[in-house]
Amino acid sequence: MRAIILSVLLVSCYALPKHERKFPDDFLFGTATASYQIEGGWNADGKGENIWDRMTHTRPEVIRDLSNGDEAADSYNNYKRDVEMMRELGLDAYRFSLSWARILPNGIANEVNKPGVEFYNNYINEMLKYNITPMVTLYHWDLPQKLQDLGGFTSPLFPEWFEDYARVVFDSFGDRVKHWITFNEPREICYEGYGSTTKAPILNATDVGIYLCAKHLVLGHARAYHAYDKDFRASQGGTCGITISVNWFGPLTDSDEDHLAAEIRRQAEWGLYAEPIFSEEGGFPKELSDKVAQNSKEQGYPRSRMPEFTEDEKEFIRGASDFFGVNHYTAYLISGDEQYKTWYPKPSLYDDADVGSYTPPEWPQSASVWLKQAPNSIYNALTHISEKYNYPLIYITENGWSSHPDSGLEDDDRITYYRAALNNVLDTIEAGVNLKGYMAWSLMDNFEWMEGFLERFGLYHVDFESAEKVRTPRKSAFVYKEIIRSRMIDPNYEPPSRTMWIDEGH
Ligand code: GBH
């Protein structure tokens, strides 16, 4: 029956010219941001120090332009303007994150910082006034420094610290917030923060850092999920999920070797976090854990560098998510052939995976080295996880394009990227994927982590030199606004002239 309905839908949709296909009425269009990247107010009103404060203040040279997020876009003081921008765009939803140390200065739930809670209350209430649905991430990379000093994500105590924090958050905001995301991008937290040097706390424990972090992160997620399920869901009626970065990793050629290489790479990128939560069997992905166990043995480790879950833990984690949040930006073609492999530290995740990758030179390049516009990558990634994990509810919680700081307001490359991505979203929905929302990264320019202010992802330009951190819509903001308004992608739509954008924008 389902197959028949699907094929009828497919036929009728494909019969429409591409730009007349419509997004469903209940599809949530939004934008996304993260606390450390926009808020500023790094030590305002009792906020505690976090790992990005500590790293940028003590090791400023790790940030490409030597900047930091002390002020960022100063959303701590500009939150009303932020919500005004959401209204200008006509957003259904807004995804943002909470600064753990702004709420719990030491990370531990013994002392709640009232002004921190009040800031988020104001932000949320301002959105709700205009019918904008808040989608709230509990953790987008800014761990309280005190918890880092105690081991951070490598500590077996991490899951309970996170549950305690989550309970404070659900209790404070859950009467109004119905979409919770525990973690943003486990891979970036664990690989970039613990297994290499591309994010705070730049631990570079290449052998075990990522695997220890992965275990405690997933357990922490499950504890927060069950806390919500048991003690908050009945009275608050919301949902709780996790956001994982799912770029597409497909085989370079149709050979069995490349298909296997692509599968291993997917396990290394996102299977480590998705498999324990969304698969039937639970636990870490099979092929990758076998490889790590084998390598560990050969390297003289007394046990696998990848820890195991107990059967009880597996059971506790399996199915502990109401939706699958996907951050998606690009794709890579994966090969088992030696000529595509590069050097990685030994031992490390990528040495364990031992596969090569390639991106065609004709894919358009953004201002970020890692971000190219790849064809059909949303469709490939989302149909893949849908089939693998039995059609979970999915939100795209980030997708976007970077430009150079001096590239101005006429961002035609970003418009091209968004139109292609959103057409691909329609293809994906038509293929039967249970996709219910799309958050553009980002509402505005912000502190782009190690790249400082040198890469801009905003629909709104931010003048970081100005005291007020003045926000001005780019051309892409008007295109996105029209897509949201019409629920269609008109490839010929031209926004009004730039003078009008500014008039309309203020
Ligand atoms: C997202 O990460 C983040 O959630 C968001 O905070 C961020 O602003 C946005 O994307 C744009 O970057 O070139 O070796 O230094 C996307 C995942 C993590 C992929 C950083 C590229 C840099 C690798 N990205 N990573 S490297």
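In helix α9, the residues Pro186, Ile189, Cys190, Tyr191, Tyr194 and Gly195 are in contact (heavy atoms within 4.5 Å) with Gly209, Ile210, Cys213, Ala214 and Leu217 of helix α10. By class, that contact has nine nonpolar residues, two polar and no charged ones; here Ala, Val, Leu, Ile, Met, Phe, Trp, Tyr, Cys and Pro count as nonpolar, Asp, Glu, Lys and Arg as charged, and the others, Gly among them, as polar. The model is predicted: local features need pLDDT of at least 70 and side-chain atom pairs count only at pLDDT 80 or more, while totals for chains, interfaces and linings use all residues. Residues are numbered from 1 along each chain as its sequence is written, and side-chain values use heavy atoms, with hydrogens and water left out.

**The chain as a whole**

- The protein chain has 19 helices and 13 strands, which are DSSP runs numbered from the N terminus (helices H or I, at least four residues; strands E, at least two).
- Its radius of gyration, taken over C-alpha atoms, is 22 Å, close to the 23 Å that the globule rule (2.2 Å times the number of residues to the power 0.38) gives for 506 residues, so the chain is as compact as a globular protein of that length.
- The C-alpha trace of the chain spans about 65 × 55 × 50 Å along its principal axes.
- Of the 506 residues, 61% count as buried; buried means under 20% relative accessible area, exposed over 50% and partly exposed in between (1.4 Å probe, protein chains only).
- Among contacts in the chain with a separation of 6 or more, 76% are accounted for by residues 24 or more positions apart.

**Helix packing**

- Helix α9 (residues 186–195) and helix α10 (residues 209–231) pack at an angle of about 145 degrees, and their axes are 8 Å apart. Axes are lines fitted to C-alpha atoms, for helices over the stretch in contact, and angles run from 0 to 180 degrees between N-to-C directions.
- Helix α12 (residues 256–278) packs against helix α16 (residues 377–388) at an angle of about 60 degrees, with the two axes 13 Å apart.
- On the α12 side of this contact are Glu263, Arg266, Trp270 and Glu275, which meet His384, Ile385 and Lys388 in α16. The residues of the contact of α12 with α16 comprise two nonpolar, one polar and four charged.
- α16 also packs with helix α17 (residues 412–430), where the axes come within 8 Å and cross at roughly 35 degrees.
- Here Ser377, Ile378, Tyr379 and Leu382 of α16 make contact with Ala421, Asn424, Val425, Asp427 and Thr428 of α17. Sorted by class, the contact of α16 with α17 has five nonpolar residues, three polar and one charged.

- Tyr94 sits in strand β2 (residues 93–97) and is buried, with a relative accessible area of 0%.
- Tyr94 and Gly30 are 64 residues apart along the chain, yet their C-alpha atoms are separated by 5.1 Å.
- Leaving aside neighbours within four places in sequence, the contacts of Tyr94 include Thr31, Thr33, Ile38, Met86, Tyr123, Met127 and Leu443. Also among them are Ile132, Thr133, Pro134 and Met135.
- Ser99 lies in the loop between β2 and α5 (100–103), and this residue is buried too, at a relative accessible area of 1%.
- Not counting residues up to four places away in sequence, Ser99 touches Ser35, Glu39, Lys47, Tyr120, Asp142 and Tyr165.

**Backbone exceptions**

- Most residues other than glycine have a negative phi, and most peptide bonds are trans.
- The peptide bond from Ala200 to Pro201 is cis, with omega near 10 degrees; Pro201 is found in the loop between α9 and α10.
- Lys346 and Pro347 are likewise joined by a cis peptide bond, with omega about -5 degrees. Pro347 belongs to the loop between β8 (331–335) and α15 (349–353).
- Tyr391 is not a glycine but has a positive phi of about 55 degrees. This residue is in the loop between α16 and β10 (394–398) and counts as partly exposed at 29% relative accessibility.
- Lys469, also not a glycine, has a positive phi of about 50 degrees. Lys469 lies in the loop between β12 (460–462) and β13 (471–473), and counts as buried at 6% relative accessibility.
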